[in-house]
Every structure is written in C-alpha cells, then in structure tokens.
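Please look over the chain below before reading on. The numbered points that follow are meant as a colleague's notes, to be read with the structure open beside them.

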Amino acid sequence: MEEHIKKVYVPMTETGFYILYCLQEPMHGYNIVQRVLQLTDGEIRISPGTMYGSLSKMERDGLIRFIREEEKRKIYQITDLGRQVLSLEMRRIRRLYRTVEGRALEDTAPCSVELA
C-alpha cells in the first residue's frame with residue numbers, strides 16, 4: 001500500500017507539497033493557506049475548495065491525520081507516511097535543482113529539445 005501511495009504522490013503538485021510541508025506542525029486549513037502565502041511571498045494562493053479536497057484525500061491516503069478540533073476548525077498533522085512522501089519529493093526537487101545548476105555552470109546554452 002505505501003509504495004502505491006508514494007507513486008501516486010511523487011511527483012507532487014505544489015499544493016500537495018505545501019500542505020505536507022506546513023503540516024510538519026499541527027495546523028488547520030486556513031493556517032495552511034496563510035502560511036503558504038507567507039512562504040511564497042503571495043505567489044501561491046490555495047483556494048478553500050482545493051485545500052479541503054486535498055486535506056480529505058491526504059487523510060484518506062494516510063499522509064496526514066486529524067488530531068483535534070478547535071473552534072470548529074479541524075487540526076491536522078503529517079504522518080510518518082506523509083513524511084516519507086515529503087522526503088521523496090524534496091530529494092526529487094533537490095536533484096532537479098542540482099541538475100539545472102550544474103548545467104548552468106558547465107554551459108549557459110539552453111537544453112535543446114526536439115518536439116515530435
């Protein structure tokens with residue numbers, strides 16, 4: 001089951017990545033939206049529908065868990081499986097970054113890609 005979940009989530013959407021990243025500490029949906037705005041200097045704004053749909057799917061898949069309710073807001077936190085998936089995605093992003101940075105140092109010419 002866990003391997004299937006990892007394959008479904010990696011590579012991740014930006015929304016999924018930021019939700020898991022934020023839920024390394026307990027938060028509710030509105031907190032996550034605000035934190036993502038802060039982390040991205042306002043460039044990424046997660047809509048409520050996207051947020052709650054993602055939270056629901058991630059909870060069903062075991063990446064996050066409901067921990068308590070405060071003032072009618074559900075507080076979630078990342079699970080061990082969620083941490084594994086987040087770690088895989090962070091490694092993937094670092095690898096992409098290293099590849100691009102290494103190429104930029106070697107040669108400033110852009111990659112040539114042929115479209116069929």
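**Notes on the chain**

1. Of the 116 residues in the chain, 34% are buried, where buried means under 20% relative accessible area, exposed means over 50%, and partly exposed lies in between (1.4 Å probe, protein chains only). The model is a predicted one, in which local features need pLDDT of at least 70 and side-chain atom pairs count only at pLDDT 80 or more, while totals for chains, interfaces and linings use all residues. Residues are numbered from 1 along each chain as its sequence is written, and side-chain values use heavy atoms, with hydrogens and water left out.

2. The chain contains five helices and two strands, and these follow one another along the sequence in the pattern α-α-α-α-β-β-α. Helices (H or I, at least four residues) and strands (E, at least two) are DSSP runs, numbered from the N terminus. The chain exposes about 8,200 Å², of which carbon and sulfur atoms supply 51%; the area comes from the Shrake-Rupley method with a 1.4 Å probe, and for residues only the protein chains shown count as cover.

3. Contacts, defined as heavy atoms within 4.5 Å, also say something about the fold. Among those between residues at least 6 apart in sequence, 55% join residues at least 24 apart.

4. Is helix H2 mostly covered or mostly open? H2 is mostly covered, since seven of its nine residues are buried, namely Thr15, Gly16, Phe17, Tyr18, Ile19, Leu20 and Cys22. In the loop between H1 and H2 lies proline 11, and the peptide bond leading from valine 10 to proline 11 is cis, with omega near 5°.

5. The aromatic rings deserve a careful look. Rings of Phe, Tyr and Trp (its six-membered ring) pair if their centres lie within 6.5 Å, and planes under 30 degrees apart count as stacked, over 60 as edge-to-face and the rest as tilted. By this rule there are three aromatic pairs. In one of them, phenylalanine 17 and tyrosine 18 have ring centres 5.5 Å apart and planes at 75°, so the pair is edge-to-face. Phenylalanine 17 is buried, at 16% relative accessibility, and tyrosine 18 is buried with a relative accessible area of 16%. Phe17, Tyr18 and Tyr21 form one aromatic cluster.

6. The rings of phenylalanine 66 and tyrosine 76 have centres 6.2 Å apart and planes at 75°, so this pair is edge-to-face. The pair links distant parts of the chain, with phenylalanine 66 in strand E1 (residues 64–70) and tyrosine 76 in strand E2 (residues 73–78), 10 residues apart. Phenylalanine 66 is partly exposed at 35% relative accessibility, whereas tyrosine 76 is buried at 7%.

7. Which residues does glutamine 77 contact, leaving aside its neighbours within four places in sequence? They are Leu23, Gln24, Glu25, Pro26, Ile64, Arg65 and Ile67. Glutamine 77 is in strand E2 and counts as buried, with 17% relative accessibility.

8. The loop between E1 and E2 holds glutamate 71 and lysine 72. Glutamate 71 has a phi near 50°, a positive value in a residue other than glycine, and lysine 72 has a positive phi of about 65° although it is not a glycine. Glutamate 71 is exposed at 79% relative accessibility, and lysine 72 is exposed at 80%.

9. Leucine 81 belongs to helix H5 (residues 80–106) and is buried at 11% relative accessibility. Not counting residues up to four places away in sequence, leucine 81 touches Glu2, Ile5, Lys6, Asp61, Gly62 and Leu63. The C-alpha atoms of leucine 81 and isoleucine 64 are separated by 8.2 Å, and the two residues are 17 apart along the chain.

10. The largest pocket has a volume of about 160 Å³. On a 1 Å grid over the protein atoms alone, a pocket is an open set of points where a 1.4 Å probe fits, with protein on both sides within 12 Å along at least five of seven lines, and lining residues have an atom within 4 Å of a point. Grid points are joined across faces, edges and corners, and the volume is the space filled by probe spheres set on the points. The lining consists of Val8, Tyr9, Met12, Thr13, Thr15, Gly16, Thr50, Ser54, Lys57 and Met58, and H4 gives the most to it, with four residues.
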